[in-house]
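Here are my notes for your read-through. Keep the model open beside them and check each point as you go.

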Amino acid sequence: MIETHNLRKTFKSRRGPVDAVAGVDLDVKKGEIFGFLGPNGAGKTTTLRMLSTLLPPTSGEATVAGFDLRREPAKVRYVIGYVSQEGSSAPEIPGRTELVIQGRLYGMTKERAIARAAELIESLELADCADRPTKTYSGGQKRRLDIGIGLMHLPQLLFLDEPTTGLDPQSRARMWDEVRRLRDTGTTVFLTTHYLEEADALSDRIAIIDHGKIVALGTPDALKRQVAGDVVVVGTDQASDRVLELLRDQPFVREATTAGDVVRLYVDRGETAMPQIIRVLDSAGIPLASLSLNRPSLDDVFLRQTGRSLREAA
Amino acid sequence: MKMLKDTWLMFQRYLLVFLRNPAWVAIGVIQPLLYLVLFAPLLKSLVQVPGFPAGGAYNVFVPGLLIQLGLFGASGVGFGLIAELRAGVIERFRVTPVSRFALLLGRALRDILTLVVQSLILLLLAIPFGLKPTVVGVIVMLGLVALIGLGMSSLAYAAALALKSEDSYAPLIFTLSLPLLLLSGVLLPLDLAPGWLQDIAKANPLSYAVNAARDLFNGKGFDQAVFEGLAIMAALAVVGVLIGARRFTRAIA
């Protein structure tokens, strides 16, 4: 659905050229939710704006929905939808009117646009507010209307720029459901986010971007596994040094550290490692105080690739 | 064809936005009315001054007032565009296949319509004061106002797109529109001005529009000044639209 090769955007600034996007290679497959994760200022929105024809790339190649981005932007526009973080509607106009106008800009007849708007109002649960000016909308309603505007012409590919920034947890959960429903109806979704949980929960695959470069790409699980597998934390009442010594050289342990009376073991698969840990400690006669399995988060992935925590960077 | 259809859609949308802002509609009518009631009476005593054009105070002042309406009305339209840039609306349209030219033209047509309606209201209100319009005079006058509206609002949109913030747009238009107004002879006829001031005013396209507008109401009819005014305003409109359209087609980063 999207293929880019060495896509690049350089902005001129007073202190010389700045590479906002410094050579990005992406391959987004049809029908997936592709998450684009990175701290603010990493180049997420710039990439998104290039892919949605808003910003001409400085160099590099990109194909979007089968059309060359640089040579055929007009064709790309017919098959993509774009929902920006800023919103998209005039405060004075009812949402329904905005939807109908949007459809007609894509060449729909008035009747078709009205029918499609009604469909979206129903599925996005905007019936209560569709005929009121958008300035009366709640944050969640406004965001759902933005999505509706982006979906009016049934795009094959929808770009969502930070779809849940500023939403309360309830609206966010609802937005996630909405995005999954889109994927289930065959729409490819490309979304940017700086929320780890969002990228993790929503995306089929993720690209992590930092300083304009992709630093990791894959399914959330594969990315996390690639870092350190799982983390098993062993708590003992006595001699954590002894525990460390016993477990450090086990074949399933990649790395082990100790801090206070707990030992952290980095293993490939926690669920197979845990029984083995118990067996080793049991046969050595060491009583266990606690044992917990922690999955590494995407933050561990980011940390490993960039040396910084995404929570701090974002 | 798509361009015309898109222009029509955009025109409808922006007309709706305008009508949903009742304050703007009211201000648009009240402002010229204030000039009519609170300023024009001052001119009555000046009619006897040598050099004051013939036709009476209102037939001299009201046509100029319409030109001023065009200048001020159109130069303020950029504020709406900046608000839309910030609200993401312009970006939303730029992702669609909408004709880029229509993004400008649809708005500008809305501006023209509001100006023409405001002008008509002002003309009607001025009749009891002593304005003596002719049908042809009014029609040509409205054409003149429409051309100013098209040219000035296109330029205003270009400036708004370039500056992207009210903080730089507001000083720019206030700085530019005041000398344009003073050097157009709207408030007092330039016939009263010293020679050097008249010479500077010749560089102001709006002064030709004001001359043309006055001749349309003082019974001189279609003289050279009217044709000059129309031609110069048409040129302004073409230049304005070209500059505005160029801005709209270029990337708004």
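1. Start with the open sheet in chain A. Its 4 strands come in the order 2-1-4-5, and their pairing is antiparallel. Strands pair if DSSP finds at least two bridges between them. Strand 2 (16-28) and strand 5 (67-68) of chain A are the edge strands, each pairing on one side only. Strand 4 (residues 59-64) of chain A is joined to strand 5 of chain A by 2 bridges. Look there for Thr63(A), which stands opposite Asp68(A).

2. A word on the source. This is a predicted model, where local features need pLDDT of at least 70, side-chain atom pairs count only at pLDDT 80 or more, and totals for chains, interfaces and linings use all residues. Residues are numbered from 1 along each chain as its sequence is written, while chains are lettered from A and ligands numbered from 1 in the order in which they are written.

3. Chain A as a whole has 12 helices and 14 strands. These are DSSP runs numbered from the N terminus: helices are H or I with at least four residues, strands are E with at least two. Of the 314 residues in chain A, 45% are buried. Buried means that 20 or more other C-beta atoms, placed from the backbone, lie within 10 Å of the residue's own.

4. Is strand 8 (residues 188-193) of chain A mostly covered or mostly uncovered? It is mostly covered, with 6 of its 6 residues buried. Thr188(A), Phe190(A) and Thr192(A) lie on one side, and Val189(A), Leu191(A) and Thr193(A) on the other.

5. Strand 8 of chain A has parallel partners. Strand 3 (residues 33-37) of chain A pairs with it over 5 bridges, and Gly35(A) stands opposite Leu191(A). Strand 7 (residues 157-161) of chain A also pairs with strand 8 of chain A over 5 bridges. There, Leu158(A) has Val189(A) as its bridge partner. From strand 7 of chain A, the chain passes through helix 6 (residues 169-184) of chain A to strand 8 of chain A in a right-handed β-α-β crossover. Right-handed means that, with the strands pointing away from the viewer, the path from the first strand over the helix to the second runs clockwise.

6. Now the two chains together. In chain B, 20 residues are in contact with 24 residues of chain A; contact means C-beta atoms, placed from the backbone, within 7 Å. On the chain B side, helix 1 (2-19) and helix 5 (89-95) of chain B each give two or more residues.

Definitions and conventions: A residue is buried if 20 or more other C-beta atoms lie within 10 Å of its own, exposed if 12 or fewer, and partly exposed in between; C-beta atoms are placed from the backbone. Two residues are in contact if their C-beta atoms, placed from the backbone, lie within 7 Å.
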